[in-house]
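Me: I would like a close look at one part of this model. Please take the salt bridges and go through them in a connected way.

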Amino acid sequence: MASLESARRRLAHRVTLLLVAIGAGIGVLPGAALAAPNPGVQMNAADMTLLNGVRLAGLWEMPAGTMAAEKGQSPRVREVGAEIARQHAELDQLVVEAANKLGAVLPTDPTTQQKGWLTEMQNATGAQFDQIFVTRLRVAHGNIFPVIGAVRASTKDPVVRKLAEDANRFVNDHMTMLESTGLVRWQQLPPPALPPAQSDSLIAAAKANVGSPGLQVGTGVVWAVFLIALGTGGYATWRLMRRS
């Protein structure tokens with residue numbers, strides 16, 4: 001009996017340690033907003049798309065910038081890469097803090113397409129790497145820039161508004177830095193993806209700002225538009241890389 005009781009105690013102790021470890025692991029998950037949703041928050045789909053878009057940008061552009069700082073051929077590319085990585089770490093902290101205030105959960109991994117861009121950079125060297133780095137990041141920043149402006153103009157939430165203002169400042173700075181390398185091929189940048197009148201796209205939804213408690217503004221449509229914008233930029237840069 002004593003041996004059985006001792007075994008039970010050891011099992012209970014191990015279960016307790018396991019639960020504590022799981023709880024600690026959840027506590028350090030990057031981007032997991034653990035705060036309970038605030039019932040007073042009036043978020044719409046455009047607001048949530050901004051949070052996710054800013055978070056996803058940081059998840060791949062931080063390692064891309066670090067890679068450029070280490071293996072860029074041009075001194076300017078190395079300098080720009082290091083600064084973009086540093087600034088994205090700061091912006092990532094801001095978006096995580098905003099998500100926690102809003103009770104939102106953010107992605108913790110880049111998209112499959114973004115991982116592909118990082119692999120492409122890992123496999124490139126010299127001048128080819130510099131060109132891929134600048135082209136990929138400049139197109140990505142150009143895609144998110146109008147989204148930030150539309151959400152800033154129309155959101156009802158002060159936390160989202162402040163995040164949009166901060167993101168606008170960072171993204172504009174990053175585009176300027178990338179352009180300073182002299183490697184941006186202006187004539188081959190994708191055209192702006194502006195929605196037609198009455199369009200049910202992200203920018204149209206943000207301007208209309210149809211907000212009610214919860215995400216009731218066609219979240220699937222919004223995400224589809226966001227992913228289409230990323231895909232358009234990815235296809236354009238693939239064509240650009242193929243030509244070079």
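Reply: Lysine 162 and aspartate 166 lie four residues apart in helix H6, so about one helical turn separates them. This is a predicted model. The two side chains meet in a salt bridge, at 2.9 Å from N to O. Lysine 162 is partly exposed, with a relative accessible area of 46%, whereas aspartate 166 counts as buried at 9% relative accessibility. The cut-off for buried is under 20% relative accessible area.

In one of them, glutamate 165 pairs with arginine 152, and the closest N and O atoms are 2.9 Å apart. Glutamate 165 belongs to helix H6 and arginine 152 to helix H5, 13 residues apart, so the pair links distant parts of the chain. Both ends are partly exposed: glutamate 165 has 35% relative accessibility, and arginine 152 has 33%.

Another salt bridge joins the side chains of glutamate 179 and arginine 138, at 3.0 Å from N to O. This pair also links distant parts of the chain, with glutamate 179 in helix H6 (residues 158-179) and arginine 138 in helix H5 (residues 126-154), 41 residues apart. Here glutamate 179 is partly exposed, with a relative accessible area of 28%, while arginine 138 is buried, with a relative accessible area of 11%.

Methods:
Residues numbered from 1 in each chain as written. Predicted model: local features only at pLDDT ≥ 70, side-chain atom pairs only at ≥ 80, totals over all residues. Heavy atoms only, no water. Salt bridge = Lys/Arg side-chain N within 4 Å of Asp/Glu carboxyl O. Helix = DSSP H or I, 4+ residues; strand = E, 2+ residues; numbered from the N terminus. Buried < 20%, exposed > 50% of the residue type's maximum accessible area, 1.4 Å probe, protein only.
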